[in-house]
Amino acid sequence: MEQVLFRHNRPGRCVTISEYRAGGGFLPLEKALREMSPDQVQQRVIDSGLRGRGGAGFPTGKKWSFVPRDLPGPRWLICNCDEMEPGTYKDRVLLEANPYLLVEGMILACYALGVEHSFIFIRRGYETAATNLARAIAEARGAGLLGENILASGFSCDIDVHLSAGRYICGEETALMNALEGRRANPRAKPPFPAIKGLWGGATVVNNVESLANIPFIIAEGADRFRSLARIPEASGMKLFCVSGHVRSPGCHELPLGIPLSEIIDDACGGMREGSSFKACLPGGASTPYFTPEHLSVPMDFDAVARAGSRLGTGGVVVFDQNTCMVRATLNLVRFYARESCGWCTPCREGLPYVVRLLEEIEAGRGSLEQVALLQEHVRLLNHAFCALAPGAMGPVDGLLRHFEEEVVEHVIRGRCPFN
Amino acid sequence: MIVPLIKGLQITLKHLFKKPITLMYPEEKPDVAPNFRGLHALKVSHNKAKCVACYLCPTVCPAKCITVEAGEDANHDKYAAKYEIDMLRCIFCGYCVEACPVDALGMTQTFELANYKRSDFVFTKERLLEKK
Amino acid sequence: MVNLTVDDKQIAVERDATIYDAAKAAGIRIPILCHDKKLHPFGGCRMCLVEVEQMKGRLIPACTTPVSEGMIVRTMTDEIIKARKLVLELLLLKHPLDCPVCDAAGDCDLQNLTYEYKVDANNFTDEKFHWEIDYDNPLIERDQNRCIHCGKCARICDEIVSYGAYSFVNRGIEAKIGTPFDGKLDCEYCGSCISVCPVGALIAKPFKFKARWWALNKVKSVCSYCGTGCQLTLGVKDDKVLTTIYDEDQGFHNGQLCGRGRFGYQFVNSDERLTTPLVRKNGTLQPVGWDEALELISTKLQEARKNDPSAVAALATPRLTNEELFLFRKLFKDVVGTDSIDHSAGYAHEALTAGLKESFGITASPSQIVDIQKSDLLLVIKTDAYETHPVIGFEINLGVKRKGVDLRIISDKTGKLAKLPKAVNYLHKPGCELLLVNALAKVIVDENLAAESAAAITGLDAYKGMLAGVDLNQVAAVTGVSLESIRELATAYAKAEKALILLPIGLGYPGHGKELAQALSNLALLAGKIGQEGSGLLVLGEKNNSQGAADLAIHPTAGGRDAAAIIDGCASGAVKILYIAGENPVVAYPDRAKVEKALDNAGFVVVLDLFLTDSAKRADVVLPVKSFAEKCGTFTSVGRHVQRIRKAIKAVGESRSDREVLADIIARLTGEGVAADSATLFKQIGCYSGVNYDALGDAGAIYPVNVSPKFVPVVGSVPATEEGKYALLTGSALYHCGTMSLSGVGPMLVCPEQYIELGRVDAGKLGVNDGDRLKVRSASGELSLAVKVGLRMPEGVVFSPYHFADASINSITSGKSVTWVSLSK
């Protein structure tokens, strides 16, 4: 299978710049700077159908196009590497194996957007990745691929790595900008959207690591080639799926978008563990509603997964077997979100701990059917929070009530957790 | 003619041996109903008046006969430094008891409130505190 | 304009309005907890959720969402009510239900909304918080348990006050409003946070448990401290002023107050207030009836009126109302026939009454307070403008932070203003303001930056001639401001389209007199900055009616004695009768020993005051007068703003207003009664003929002026320096204004005693720390003062406020802008 993001990888260690260049690395950058105008680069990314890999799946080229060309003042590109979604570790795998792809992708994005200074906002725990990136940036600068007048094209740009003090909410793009400015990481109200008024009041684009890392390939091989990598026509490109849970060999795999869920589990991960059978999975990280065995044939692409009632999210597939109590699993997830809420808005700050309490009661067998109804109501009402954290936290609860209501009711009726 | 007379005497005789309805007050005291609205009492809990000086009773009082002044105790808590009811103005409507959010005020069965001086009708906090 | 529909009403609003603004404009109320019109939108509480046709599927927060063309908004649907109820129920999960003991009850947004949305039973239950309550500071009690995380306190402290005492700390349900390092609150104590707190998490300690909100009578008035003229609402119960109440719709400042305005009201009902007239008998002041006291005064004045009117002198405080000042002038000028009347030590009003009078032909500033935010560049003389007029300081903060106003400060110290974003402080040696201002003018002339309009103004040639003699290199050497900085500032000032100069004046600033005002007027005229909106010169009078006292000419106009001469006259025996209405010359005037001697020497001294001040103690007759809360009248504040004050409580004791006293004395002297009601008197005041008293209302009125500009060359001189000594500057402390705040309780809780402030280097040299004591010796005396070490003072310069009666700094000052002192442990 053709690899886009993992093609330069060396087993057990990080690729070096010479190896990366030998494998065709930085050629797309040279090609873009020599032959293409920024608009052409942007157009090619639009044509490629590349969708943001950070969770929301918003078309990357379209996001870029929201930055007005004639807006005065500095503009910024931020690479969001605050990967804190439970079950997601693709950026770490990518950066620990090959930081150059991201550096090249960022320079290309800067070129397309007219950005002179960009940032990589990286989570505190990713120190190896940060070290790799710092080395890659220094090497790129040494090779004249970064800094003033790149490859004598007249284009200059620089990249700074910001090892954040990070929290889950820092992954929200506006909270990330606040954190980068040195403020408390609270999300900002939208509108104004970052593309108009973001970091320090300038136009800002925030892209995920994986989205940016795809760009060199798109420039090198063309938009159509990128589209054709996907398994189904409506999708485009490859995706890093990081699988964890009760499968035989969990890990991060680069697979074409549109691949059926069953293939990810059975082929890439060697199927379920001994004695385990598939009960449910989170298809795209902790904030997505569950998939059940009936969804095993769903093609894993943004729209297809959405049609099936969940979200592709980050591609972090967490698999649960038949011995998992879904109430307990959901409780564990919501606890994480309740802790990570920034405390800004009422529904998230006060509502999530309350949902945790409800789930605790139900799990402990002290729940009532009214509480189940209350839970249902919260799934709807917590959508009115300030940012996407609380609605995201309600994703698994929504899935729980939709697909495993019987199991929830069983907790209530039997007055104990049936899995104990 | 004689029949009605006997009938009348019958009634008289009957009442002669019945328990009288009138009460020889003050030698005899009446039974007062439990929900009688007599003199107010400030309820006590943990050796402290329950009143937190929220001012709801003077606010609701239609006769404006309650005077409260709040104070701050050593624990920074609110208490009634002054609590006075002017019984000459009080109409014993009981609204104050109803308004009390902390059940600190009640009305007793005491109704003998006569006194010699006007100033004696002003019941201070000490006089209002519940006797146990 | 944008057209939209809110609840079937068609509305057209400004492009930058939010849905909330639009609904408000249409009279539709959307419930809010975290929104405040003065602050940037927050969007945290989620009470203001509305439904927008174009964004179906989710509810939109009205306070953060800008309007767009054709929007169709619904503010009340079943789903909205459910969402709002959820918010309230969630908030009430943690909020303690201690309304009976919470001072906010009755004025609590959460309580009101809970009632309105009938959240009478909670579906949910949870543990309440048990945060420690901060009782440790004297004015603001913080109970985090009641907090609903609207963030208004943190936002107002950051956005408007620019102090930043609060911030959110922790995450999730543990999130709370924290102070630096989660310690005790230690800030400016302006109390803005209390005013915006929608619940009882922040309460004013002086008002704690004093009364319930609904029992208070709310009386609109004007603050009686500084010249800003902030409107305030007094909370009155049983003839006592118990608190000040926040009303976000009051005045240019939107109800915003400083610490002394908010917490300094307690002098009104102080136990120390004088209640009866006092007359000195056998050496002691003894209570007498009004008639006896007034008869005594009238007899003395009547005698003098016949024999030697010039032996009568009178000092008034610019805290009196315009009507009272009018009668004051009438009594002494017209009835008694003396020209020896003055106020504010004479020098503190010269900038207006002599300086601007000559330069502009008016005794008032040509600009107004609202010009501050409309300007492009502000040139502030001394960072003390913030300390003297804190609410004008807030306006400067807002101008700099929201409107991008370029702030330049010429100052002998640094201070809060200098810390604002991009503010430039031109730190100079003490007493060099005039030299610097002339140097700026010279640069403007040299570099041909003068405005064309300047050519038509008389006196330009003489002015230019004077400037020709200015040696820029010498100025740079003397003032300590580099030549480049002077050039850069002059160029920036001249080139700014709109530039406004702010000059604070007052008893603490002897250097800010006639000359400096004229030099600044010249500069503004030269650069063509007079006569347009957002430009000009704004002289900040010190007291609440300083502007009125200047307008009413409470100063000698026909060769009479000014304040200094009156004091000298008392000492020499030339002044036999001295009538002091509210002034406290012993404490507030320079050279205390001299003033004390003068008062002792004067034949007959009458003092009218609220308190037995140090000056009153030396009087022969002391009359108790009413405070601003007990009378009606008008004050004129900075920027010629005439506003009404209203009687809030009955007179304390037997006190009468100055107006009644003056009218009585005039009647006794002339045998004819005079009208003593404010309305009639106001209409008699000539300089306010353009103002309709009846139409003043709550907003007041700004009276118009015609500026007839003139260049009046003033030559700066190099201030004398004394080797090895420290330059002592006097001025205002942030918490105080004049000497009245000493009885205001609130200000005294945070700034209780006379102190001397010095920089870290000097403190290090002297080996002293905060709280130590230093002996301060000048040519006229010695004091032992508490030390305050800060970052404000440059090396060799020390500062002390002038307000305090005990160890008052004026016992060692000289009356010049700088007093040279030696310091020792």
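How many bridges join strand 3 of chain C to strand 4 of chain C, and in which sense do the two run? Two bridges join strand 3 (residues 49–52) to strand 4 (residues 60–61), and these strands of chain C run antiparallel.

This is a predicted model. The predictor gives the complex an ipTM of 0.90 and a pTM of 0.92. Chain C averages a pLDDT of 93, and 100% of its residues score at least 70. The points below cover chains, domains, sheets, helices and backbone.

**Chains in contact**

- Two pairs of chains are in contact, and chains A and C share the most contacts.
- Chain C gives 29 residues to its contact with chain A, and chain A gives 25.
- On the side of chain C that touches chain A, helix 2 (78–94) and strand 7 (167–169) of chain C are the elements that give two or more residues.
- Helix 2 of chain C supplies the largest share of that side, eight residues.
- By class, the side of chain C that touches chain A has 15 nonpolar, eight polar and six charged residues.
- Chain A and chain B are joined by no contact. Their closest C-alpha atoms lie 27 Å apart.

**Domains of chain C**

- Chain C is divided into domain 1 (2–76), domain 2 (126–266), domain 3 (278–347 + 548–702), domain 4 (350–540) and domain 5 (726–824).
- Domain 3 of chain C is written as two segments, 278–347 and 548–702.
- Between domain 2 and domain 5 of chain C, the C-alpha centres lie 29 Å apart.
- These domains of chain C touch: 13 residues of domain 2 are in contact with 11 residues of domain 5.
- The side of domain 2 of chain C that touches domain 5 of chain C has eight nonpolar, three polar and two charged residues.

**The five-stranded sheet of chain C**

- Five strands of chain C form an open sheet in the order 19-18-17-20-21. The pairing is parallel.
- Strand 19 (424–427) and strand 21 (536–540) of chain C are the edge strands, and each pairs on one side only.
- From one strand to the next, the twist averages 15 degrees.
- Strand 17 (residues 377–381) and strand 18 (residues 406–411) of chain C run parallel and are joined by five bridges.
- C:Leu378 stands opposite C:Leu407, a residue of strand 18 of chain C.

**Other strand pairs of chain C**

- C:Glu51 stands opposite C:Arg74 of strand 5 of chain C.
- Strand 31 (residues 781–790) of chain C pairs with strand 29 (residues 755–759) of chain C in the parallel sense, over five bridges.
- Here C:Glu757 has C:Lys788, in strand 31 of chain C, as its bridge partner.
- Strand 31 of chain C also pairs with strand 30 (residues 773–778) of chain C, in the antiparallel sense, over six bridges.
- Strands 30 and 31 of chain C form a hairpin, with two residues between them.
- C:Ser778 stands opposite C:Gly781 of strand 31 of chain C.

**A helix pair in chain A**

- Two packed helices are described by the angle between their axes and the distance between the axes.
- In chain A, the axes of helix 3 (residues 38–48) and helix 6 (residues 100–113) come within 7 Å and cross at roughly 115 degrees.
- The crossing of these two helices of chain A is left-handed.
- Helix 3 of chain A makes the contact with A:Pro38, A:Val41, A:Gln42 and A:Val45. Helix 6 of chain A brings A:Leu108, A:Tyr111 and A:Ala112.
- By class, this contact has six nonpolar, one polar and no charged residues.

**Backbone details**

- Most residues other than glycine have a negative phi, and most peptide bonds are trans.
- A cis peptide bond joins A:Lys190 and A:Pro191, with omega about -10 degrees.
- The peptide bond from A:Pro191 to A:Pro192 is also cis, and omega is near 0 degrees.
- A:Pro191 is found in the loop between helix 8 (173–180) and strand 4 (203–208) of chain A.
- C:Phe181 has a positive phi, near 55 degrees, and is a residue other than glycine.
- The loop between strand 8 (176–178) and helix 5 (192–196) of chain C holds C:Phe181.

Definitions and conventions
Residues numbered from 1 in each chain as written. Chains lettered and ligands numbered in written order. Predicted model: local features only at pLDDT ≥ 70, side-chain atom pairs only at ≥ 80, totals over all residues. Pairing = 2+ DSSP bridges. Helix = DSSP H or I, 4+ residues; strand = E, 2+ residues; numbered from the N terminus. Axes fitted to C-alpha atoms, helices over the stretch in contact; angles between N-to-C directions. pLDDT = per-residue confidence, 0-100. Domains from an automatic or database assignment. Contact = placed C-beta atoms within 7 Å. Nonpolar A, V, L, I, M, F, W, Y, C, P; charged D, E, K, R; others polar. Left-handed = near helix turned anticlockwise from the far one by under 90°.
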